[in-house]
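Please look over the sequence and the structure shown below. A short briefing follows, grouped by topic.

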Amino acid sequence: MSKVKEELRGAIKGRVLAPKDSGYEEARQVWNAMIDRRPAVIVQCVQADDVPPVIGFARKNRLELSIRGGGHNIGGNALCDNGVTIDFSRMRKVRVDAEKRRAYVEPGATLADLDEATQAHGLATPVGINSTTGIAGLTLGGGFGWLTRKYGMTIDNLVSVEMITADGKKIRASESDNGHLFWAIRGGGGNFGVVTQFEFQLFPIGPEIVAGLIVFPFNQAKQILTKYRQFVNSAPEELNVWVVLRKAPPLPFLPETVHGKEVVVLPVFYCGAVAKADKLIAPLRDFGTPLGEHIGAQPYVQWQKAFDPLLTPGARNYWKSHNFTELADGALNSIIEFAGKLPSPQCEIFIGLIAGAPNRIAVDSMAYGHRDARFVLNVHGRWDEAKDDQKCIKWAREFFNASAPYASAGAYVNFMTAEEGDRVAAAYGSNYGRLVEIKRRYDPENVFHLNQNIKP
Ligand SMILES: Cc1cc2nc3c(=O)[nH]c(=O)nc-3n(C[C@H](O)[C@H](O)[C@H](O)COP(=O)(O)OP(=O)(O)OC[C@H]3O[C@@H](n4cnc5c(N)ncnc54)[C@H](O)[C@@H]3O)c2cc1C
């Protein structure tokens, strides 16, 4: 191994870590504690030019190659066993051109890195809801969050990327440069190359927005969900409301008797004029009899971190996901049935609302094609002990099957587990054929296969 390390060390500026090196154990941790992979080398790049020698090295030695952005993907493909991991955790810079409303982002940046840099100028672009998630994986799979109704998916606001292809070439992809590759990476994940810079368009947001939670008793779930699906049909796109069914955490604004009991939570977000928020949010309280609420004006960056304490790394996680165009009665019934038998205090079912801007984009305009999806449902199985694996995974799978008849076709690749390989073609639907063609052209040997793999 020392020979291997020396060869790589000589070729790059970053750090090369092998199993006995200090920092290796830390570097092989990802968000999902169920992942326990041991790369032969972890290469912590510090510049784009570090990437081609690493790809070349992996190919020459016929070693598997994985790419790590923020390390959040629950499938754990950021790491490999006995191969080479390109680790971007030391490349997290974000440069903002406020005048042009553009952000230039290194591939190890987290959502927090991007939000903090852009909000310094009162700007933002739609990303996810947990600030420690990596921009790279989130963007390449699609990306949605509180701003998505109004401004689209993260990929809808991607202007260009710089990337390194399987043959080590550095190229730019945008609508005008290598347009077919730009089409493919917007949803096609890490299948086509290693992205070393993302360029996003930005919008004026906040810095104060209005956001918070309204919590209802679980026995009112049916009426709340029924009123919710009606409400969102006419709610303005600046207003986003999700639904989370879970056991109540010990939130200070809830009576202690509710802590640990099943509840229905409406996380609410409004990015329009602060003075208009009250009137728009008021009808939500009439969905049932709230147990408590905590809503107010706050910095956007603060709200972007609001769920971090519930989503810390180190727990065991297993997810399943469906897209929905409508929330049919059958879907609501299965959500309520399975939320009534959560197998651990951390498990939850959430409905993310993405109705709005994403639905106005043509299905074939980029690889991500779920333009009829108005809701993304995630069954979030989360627990601490390995002994609970079977019980929690079974619950997630059974719920996934029970709600499947009401889902629209396709799936969000960023919420898929490593075991769902056979679902990849279905996930891309009518865009899959074109993705295979582009994969054949740019990565015929499938060097980049540790992902939701598009086979050449
Ligand atoms: C707690 C939590 C909350 C989440 N919330 C949201 C949400 O609100 N909205 C949403 O849309 N998604 C959300 N996700 C899903 C998230 O988008 C995916 O897990 C995403 O893959 C994470 O990206 P990452 O860079 O952190 O992951 P990693 O595990 O580092 O990377 C995932 C994959 O992306 C590819 N990849 C990474 N970097 C590069 C690169 N530079 N070049 C080429 N390929 C690369 C690789 O194939 C890699 O295996 C959430 C995930 C978690 C765990």
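Over the face of which residue does Lys-341 lie? Lys-341 lies over the face of Phe-338, at 4.4 Å from the ring centre. This is a predicted model, in which local features need pLDDT of at least 70 and side-chain atom pairs count only at pLDDT 80 or more, while totals for chains, interfaces and linings use all residues. Residues are numbered from 1 along each chain as its sequence is written, and side-chain values use heavy atoms, with hydrogens and water left out.

**Overall build**
- The protein has 14 helices and 19 strands (DSSP runs numbered from the N terminus: H or I of at least four residues for helices, E of at least two for strands).
- The radius of gyration, taken over C-alpha atoms, is 22 Å, close to the 23 Å that the globule rule (2.2 Å times the number of residues to the power 0.38) gives for 456 residues, so the protein is as compact as a globular protein of that length.
- Along the principal axes, the C-alpha trace spans about 65 × 55 × 40 Å.
- Of the 456 residues, 60% count as buried (under 20% relative accessible area, with a 1.4 Å probe and protein chains only).

**Aromatic pairs**
- The structure holds 20 aromatic pairs (rings of Phe, Tyr and Trp, the last by its six-membered ring, with centres within 6.5 Å; planes under 30 degrees apart are stacked, over 60 edge-to-face and the rest tilted).
- One of them joins Phe-144 and Trp-242: the ring centres are 5.8 Å apart and the planes are at 45°, so the pair is tilted.
- Phe-144 lies in the loop between helices H5 and H6, and Trp-242 in the loop between strands E13 and E14, so this pair ties together parts that are 98 residues apart in sequence.
- Both Phe-144 and Trp-242 are buried.
- Trp-146 and Trp-303 form another tilted pair, at 5.5 Å centre to centre with 50° between the planes.
- Because Trp-146 is in the loop between H5 and H6 and Trp-303 is in helix H10, the pair ties together parts 157 residues apart in sequence.
- Trp-146 is buried at 2% relative accessibility, and Trp-303 is buried at 3%.

**A charge over a ring**
- Lys-320 lies over the face of Phe-400, 4.6 Å from the ring centre (the rule asks for NZ of Lys or CZ of Arg within 6 Å of the ring centre and within 35 degrees of the ring normal).

**Around Ile-393**
- Ile-393 lies in helix H12 and counts as buried at 15% relative accessibility.
- Leaving out residues up to four places away in sequence, Ile-393 touches Met-34, Tyr-318 and Trp-383 (heavy atoms within 4.5 Å).
- Ile-393 and Tyr-318 are 75 residues apart in sequence and 6.3 Å apart in space, C-alpha to C-alpha.

Methods:
Buried means under 20% relative accessible area, exposed over 50%, partly exposed in between (1.4 Å probe, protein chains only).
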